[in-house]
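The following exercises are to be worked through with the sequence and the model at hand. Each task is followed by a solution in steps.

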Amino acid sequence: MIPSTYATVAQHLRESKSIVVTTGAGMSAESGVPTFRDETGLWMGYRPEEVATPTAFARDPNLVWSFYRKRRADLAPIQPHVGHRVLAGWQQRFEDLTIITQNVDGLHERAGATRVFELHGRLDLTRCTACNHQQQGLDDLGALPTCPNCGALLRPAVVWFEEMLPEAAIVGSSEAIDRCDLLLVIGTSNRVYPAAALVEQAALRGVPIIEINPKPTPLSNLAGVALREPCGRALAGIDAAL
Ligand code: BV8
Ligand code: ZN
């Protein structure tokens with residue numbers, strides 16, 4: 001017996017021509033990546049808005065880099081879970097399915113997803129603060145790495161608070177939202193903008209919105225269907241109902 005909500009979501013997917021799935025830190029929770037705002041809302045003892053900013057990095061590059069050095073080390077052994085694999089499989093099954101993620105862990109791509117907009121960059125990419133040098137990988141770069149080209153400090157190639165999102169990602173995401181006739185919102189607290197504005201943009205178009213999150217969010221009122229459960233189980237259940 002398939003619970004109605006899985007069958008309902010499966011029906012929406014089958015009837016849609018253009019699907020967008022937006023994901024946040026909750027999408028990676030079942031892979032063992034800590035979320036930002038669950039429980040204490042602290043991020044390994046810090047508030048994200050206090051360490052993930054250019055001001056914090058300028059003020060104390062050692063602290064900010066040590067924070068990312070630990071997250072990079074923690075990410076190295078982590079694998080995508082069934083939910084990442086289901087979404088990647090749906091990109092083969094459905095004609096037009098775009099994933100828009102706030103996550104910087106690269107797990108959608110590792111699971112085989114092909115069309116992914118990464119709004120906030122990637123933790124496994126490091127770039128120079130002064131020239132256009134960048135390097136791929138999660139190897140330990142030491143306490144405070146400097147650029148092999150010009151000697152300036154290196155930084156994680158992620159989007160910090162108060163920084164603009166990559167133009168191509170935000171334009172591509174907005175176009176996907178303008179084209180879609182179904183939006184799944186998975187594992188995000190919908191607190192960070194402009195990522196959360198994409199959900200509001202879809203709602204303004206009257207697109208059916210399905211939220212998959214154990215807890216409600218400030219934008220839950222925009223969702224016609226809410227699956228209040230972990231996304232790995234929900235996505236596997238919906239996939240079985242297709
Ligand atoms: C911008 C990369 C224009 C870094 C991140 C004042 C000055 C400047 C800007 C602002 C300001 N006030 C507000 C802003 C805008 C600001 C913002 O939105 N602030 C918030 C805090 C209010 N945004 C920005 O600054 C953006 N840039 O606006 O530029 C500008 C420029 C200059 C001046 C003004 C404006 C940049 C935002 C990007 C920040 N970078 N990450 C890094 O990772 O180190 S954000 C960070 O939060 C992550 O990317 C994360 O993904 C993201 C959002 O969090 P969520 O993904 O939603 O995660 P969260 O933990 O919150 O929630 C997890 C959810 O999962 C929960 O709901 C939970 O219930 C659920 N869950 C848990 N387990 C599961 C699950 N769901 C399903 N299954 C499970 N198993
Ligand atoms: Zn350099």
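**Exercise 1: The span of a helix**

Determine whether the end-to-end distance of α6 agrees with its 12 residues at 1.5 Å a residue.

Solution. Step 1: α6 has 12 residues, which at 1.5 Å a residue should span 16 Å; the expected span is 1.5 Å times one less than the number of residues. Step 2: the end C-alpha atoms of α6 are 16 Å apart, in agreement with that value. Step 3: helices (H or I, at least four residues) and strands (E, at least two) are DSSP runs, numbered from the N terminus. Step 4: buried in α6 are Gly83, His84, Val86, Leu87, Ala88, Trp90 and Gln91; buried means under 20% relative accessible area, exposed over 50%, and partly exposed in between (1.4 Å probe, protein chains only).

This is a predicted model, in which local features need pLDDT of at least 70 and side-chain atom pairs count only at pLDDT 80 or more, while totals for chains, interfaces and linings use all residues. Residues are numbered from 1 along each chain as its sequence is written, chains are lettered from A and ligands numbered from 1 in the order in which they are written, and side-chain values use heavy atoms, with hydrogens and water left out.

**Exercise 2: The faces of a helix**

State which residues of α1 are buried, and what they pack against.

Solution. Step 1: the buried residues of α1 are Tyr6, Val9, Ala10 and Leu13. Step 2: viewed down the helix axis, the buried residues of α1 fall within an arc of 100°, so they line one face; the arc is that of the directions from the axis to the C-beta atoms. Step 3: the face of α1 turned away from the buried side carries the exposed residues Ser4 and Glu15. Step 4: the packing partners of the buried residues include β1 (19–23) and α6 (82–93), where contact means heavy atoms within 4.5 Å.

**Exercise 3: A metal site**

Identify the donors of the zinc ion (ligand 2) and their arrangement.

Solution. Step 1: Cys128, Cys131, Cys147 and Cys150 coordinate the zinc ion (ligand 2) through their SG atoms, at 2.3 Å; donors are N, O and S atoms within 2.8 Å of the metal (3.2 Å for Na, K and Ca). Step 2: the four donor atoms subtend angles of 102 to 121°, so the arrangement is tetrahedral, a term that requires all angles to lie between 85 and 135 degrees. Step 3: along the chain, the donors follow the spacing C-x2-C-x15-C-x2-C.

Definitions and conventions: Tetrahedral: all angles 85-135°; square planar, octahedral: opposite > 155°, others 65-115°.
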